[in-house]
Amino acid sequence: MPLRLFRFAALAEACSWIGLLVGMFFKYVVVHNEIGVKVFGPIHGALFVLYGVSVLLCARNYRWDARTVLLGLFAAIPPLATLWFERRVAGRDLVAD
């Protein structure tokens, strides 16, 4: 269960980053309207928290070391880095079922 949540949260958080960036582009460059940021801001915030919780659940469940946990948590900050971290974890067999 934590693995499915983690994978969903990583993808959803990255998609919400894209939505927020598009909203910011429209707000500051195209139409100077805040609707995109007002829509995607709270969505991204909720998915950011969900991703962080899923990293902590997987860390406990799969016994990740502190470096992996910190890297996973920091991956939520740059746009689309959660996708990179999810692939990194899968490639290193850190989530063996």
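This is a predicted model: local features need pLDDT of at least 70, side-chain atom pairs count only at pLDDT 80 or more; totals for chains, interfaces and linings use all residues.
Colleague: Which helices do the buried residues of H4 pack against?

Modeller: Start with who is buried: in H4, residues 81–91, that's Ala81, Thr82, Phe85, Glu86, Arg88 and Val89. Looking down the axis of H4, these buried residues fall within an arc of 160 degrees, so they line one face of the helix. Arg87 and Gly91 sit on the other side of H4, exposed. The partners of the buried residues are helix H1 (2–30), helix H2 (35–62) and helix H3 (66–74).

Colleague: And Glu13, which is buried: what is the nearest side chain of opposite charge?

Modeller: Glu13 belongs to helix H1. Leaving aside residues up to four places away in sequence, Glu13 touches His44, Leu47, Phe48, Tyr51, Ala76 and Thr82. A salt bridge would need a Lys or Arg side-chain nitrogen within 4 Å of a carboxyl oxygen, and Glu13 has none. The nearest side chain of opposite charge is 14 Å away, and it's Arg87.

Colleague: Okay, rings next. Is the aromatic pair of Trp64 and Phe85 stacked or edge-to-face?

Modeller: The structure holds five aromatic pairs, this one among them. It links distant parts of the chain, with Trp64 in the loop between H2 and H3 and Phe85 in helix H4, 21 residues apart. Their centres are 5.9 Å apart, with 80 degrees between the planes. Planes over 60 degrees apart count that way, so the pair is edge-to-face.

Colleague: Which residues make up the aromatic cluster with Trp64 and Phe85?

Modeller: Trp64 and Phe85 are both buried. They form one aromatic cluster together with Phe6 and Tyr51.

Notes. Residues are numbered from 1 along each chain as its sequence is written. Side-chain values use heavy atoms; hydrogens and water are left out. Buried means under 20% relative accessible area, exposed over 50%, partly exposed in between (1.4 Å probe, protein chains only). Helices (H or I, at least four residues) and strands (E, at least two) are DSSP runs, numbered from the N terminus. The arc is that of the directions from the helix axis to the C-beta atoms. Contact means heavy atoms within 4.5 Å. Lys and Arg count as positive and Asp and Glu as negative; His and the chain ends are not counted. Rings of Phe, Tyr and Trp (its six-membered ring) pair if their centres lie within 6.5 Å; planes under 30 degrees apart count as stacked, over 60 as edge-to-face and the rest as tilted.
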